[in-house]
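Subject: Structure handover

Hello,

Here is the structure I promised. Please open it before you read on.

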Amino acid sequence: MPTAEDAVRDEEASALLRGLEGLPGFVIAVSGGPDSTALLLLAAQWAKRQKKRRPKLLAITIDHGLRPQAAAEAAAVKRLARRLGVPHQTLRWRDKKPKTGLQEVARVARYRLLAQAAARAGYGHVMTAHTLDDQAETVLFRLARGSGLTGLAGMATASLLPVGDSEIFLLRPLLHVPKPRLVATLAAAGISYAEDPSNSDPRFTRARLRMLMPALAREGLDARGLARLAARMRRAEATVEFAVHAARRALAPGAWRAHAPVVFRSARFAQLPAEVGLRLLGRAIAHAGDEGPVELGKLEVLYAALRDAPGRLRRTLAGAVVTLAGNLLRIECAPARRNAAMRRISKGRFTK
């Protein structure tokens with residue numbers, strides 16, 4: 001059980017939020033649970049300690065319209081925010097709720113509403129209360145989904161909001177702080193919080209993974225270990241990305257013009273390390289195609305086919321035609337007459 005000694009103190013909070021002093025302000029996502037409530041408390045206290053420039057804070061609660069308790073929880077957040085001197089808004093997700101994939105769709109909607117709130121306020125940053133435990137769950141979740149190196153790197157402390165072409169940055173200052181310490185912080189301050197029952201609802205994958213954590217910890221695979229794995233994967237990810245950029249400059253230098261094909265010398269492409277070649281191929285397909293991001297599993301199948309091809313191959317993926325002929329590997333936008341083939345490919349069938 002966490003004790004008062006586990007609470008996050010002023011000095012530590014200042015270190016966690018260091019570098020944000022010069023911002024005009026930022027949005028804090030506050031659901032009313034222990035993590036986000038502690039973030040609101042720590043950020044409000046930190047802002048008051050700033051002597052020269054004090055960033056403005058705006059607390060936002062998203063009511064997804066999924067639980068009858070949500071309105072009362074939002075009202076409780078509003079009362080606490082007023083007590084702390086932080087403006088607060090409740091935004092409601094009014095879209096039609098899907099029957100499957102609800103949590104993922106709700107997550108995207110939440111980020112979209114937060115980005116819109118930040119833009120309206122004139123701020124470029126949104127802050128969430130993801131913790132060390134959330135990082136561990138994310139790594140497990142992505143491992144179960146068969147993610148590659150990028151996915152296993154987990155969440156970053158700062159990244160662009162994953163919503164459309166958003167220019168809003170997402171900040172996670174508590175990513176290295178265990179959840180029990182945030183509970184201890186609220187207990188020390190005498191602040192209550194809400195518990196979302198969906199966090200322990202076994203219908204949801206993350207809740208089931210959360211239930212596994214104590215058993216994994218007994219085997220030595222605790223939240224810190226999983227977060228350490230994510231940090232090491234992030235280091236490796238940065239190294240691979242450096243190599244991919246170098247390979248792009250060497251094999252297809254200069255800017256890739258819109259609607260223009262990307263061409264590699266097949267012999268030089270074949271000499272690339274597999275992960276570098278795979279990613280470079282994916283970048284070229286995403287550039288030339290018109291069907292969005294390339295699915296990793298399908299990209300791996302295509303890469304293996306190129307590697308084993310006797311010298312000629314023609315495949316379509318994500319709206320791009322990939323042609324291996326002699327000493328050239330050419331990636332270009334698929335012509336309109338290939339639309340029917342694209343639809344078949346999107347269902348998992350490849351055609352030569």
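In which kind of crossing does α2 pass α7? The crossing is left-handed, meaning that the near helix is turned anticlockwise from the far one by less than a right angle. Helices here are DSSP runs (H or I, at least four residues), as strands are (E, at least two), numbered from the N terminus.

First, the ground rules. This is a predicted model, where local features need pLDDT of at least 70, side-chain atom pairs count only at pLDDT 80 or more, and totals for chains, interfaces and linings use all residues. Residues are numbered from 1 along each chain as its sequence is written, and side-chain values use heavy atoms, without hydrogens and water.

Now the helix pair. The axes of α2 (residues 34-49) and α7 (residues 179-189) come within 9 Å and cross at roughly 60 degrees. Axes are lines fitted to C-alpha atoms, for helices over the stretch in contact, and angles run from 0 to 180 degrees between N-to-C directions. Contact (heavy atoms within 4.5 Å) involves P34, D35, T37, A38, L41 and L42 of α2. From α7 come K179, L182, V183, T185, L186 and A189.

Next, the core. A nonpolar core is a set of buried (under 20% relative accessible area, 1.4 Å probe, protein chains only) Ala, Val, Leu, Ile, Met, Phe, Trp, Tyr and Cys residues joined through side-chain atoms within 4.5 Å. The largest one has 32 residues. L20, F26, I28, L40, L57 and V86 touch the most other members. Helix α2 supplies the largest share, 9 residues. Beyond its neighbours within four places in sequence, L40 contacts I28, V30, A59, L80, A81, L84 and V86. A second, separate core has 31 residues, including V240, F264, I285 and L313.

Best wishes

How values were computed
Buried means under 20% relative accessible area, exposed over 50%, partly exposed in between (1.4 Å probe, protein chains only).
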